[in-house]
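Let's walk through this model together, one question at a time. Have a look at the fold before reading on.

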Amino acid sequence: MANLGDLERSVMEVLWSSDAALSANELRDALAVRDGEGGHVPATTTVLTVLSRLERKGFVSRTREHRPHRYQALLSREEHTAELMHEVLDRSSDRDAALARFVGTVSDGEAATLRRLLDELVKR
C-alpha cells in the first residue's frame, strides 16, 4: 500500500473515526470541523477526486446503490499501519537489522506488549 498524501490521510482519519459510511459532502463537512476555523476546507469535487484515488489504491470502498454514494475504509487504522510496517521491512536489504533497530527504540511498555504478542504467537 502506498503512502498517503495530506488530504488523503485527513480523509482516511475521518473515515476511520466514523461508525458509518459517509458521503463526500459529509466528509467535507467533517474535514471542516476537524480543521477548525481558518483551516482550508476542500471543495466537494476535490474530496470526490481524493476518494476516487483512495478507491483505486484499495483504501476505501464505495456503495453505489443510492445517491449520494457512500464511502468507508476497507482496512482499519491498525491494519493499515501493519501493512506500512511490512512494506518498509520488505524494502529493507537486512530485515533482521531493521527489526533489531526498531525493537531497540521501543519503550518498556511496548517491549512488554511485543513479548506478550510473541508468546501468544508461539503458543498457537
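Predicted model: local features only at pLDDT ≥ 70, side-chain atom pairs only at ≥ 80, totals over all residues.

Residues are numbered from 1 along each chain as its sequence is written, and side-chain values use heavy atoms, leaving out hydrogens and water.

Q: What radius of gyration does the protein have?
A: The radius is taken over C-alpha atoms, and the globule rule is 2.2 Å times the number of residues to the power 0.38. A compact globule of 124 residues would come out near 14 Å, but the protein has 18 Å.

Q: Is α4 parallel or oblique to α5?
A: Helices here are DSSP runs of H or I with at least four residues, numbered from the N terminus. The axes, lines fitted to C-alpha atoms over the stretch in contact, come within 8 Å for α4 (residues 77-91) and α5 (residues 95-103) and cross at roughly 130°, on a scale from 0 to 180 degrees between N-to-C directions. Angles under 35 degrees count as roughly parallel, over 145 as roughly antiparallel, 65 to 115 as roughly perpendicular and the rest as oblique. Therefore α4 is oblique to α5.

Q: Which residues of α5 do Met85, Leu89 and Asp90 in α4 meet?
A: Contact means heavy atoms within 4.5 Å. On the α5 side, Met85, Leu89 and Asp90 meet Arg95, Ala98, Leu99 and Phe102.

Q: What pattern does the protein follow along the sequence?
A: The protein has six helices and two strands, a strand being a DSSP run of E with at least two residues. Read along the sequence, the pattern is α-α-α-β-β-α-α-α.
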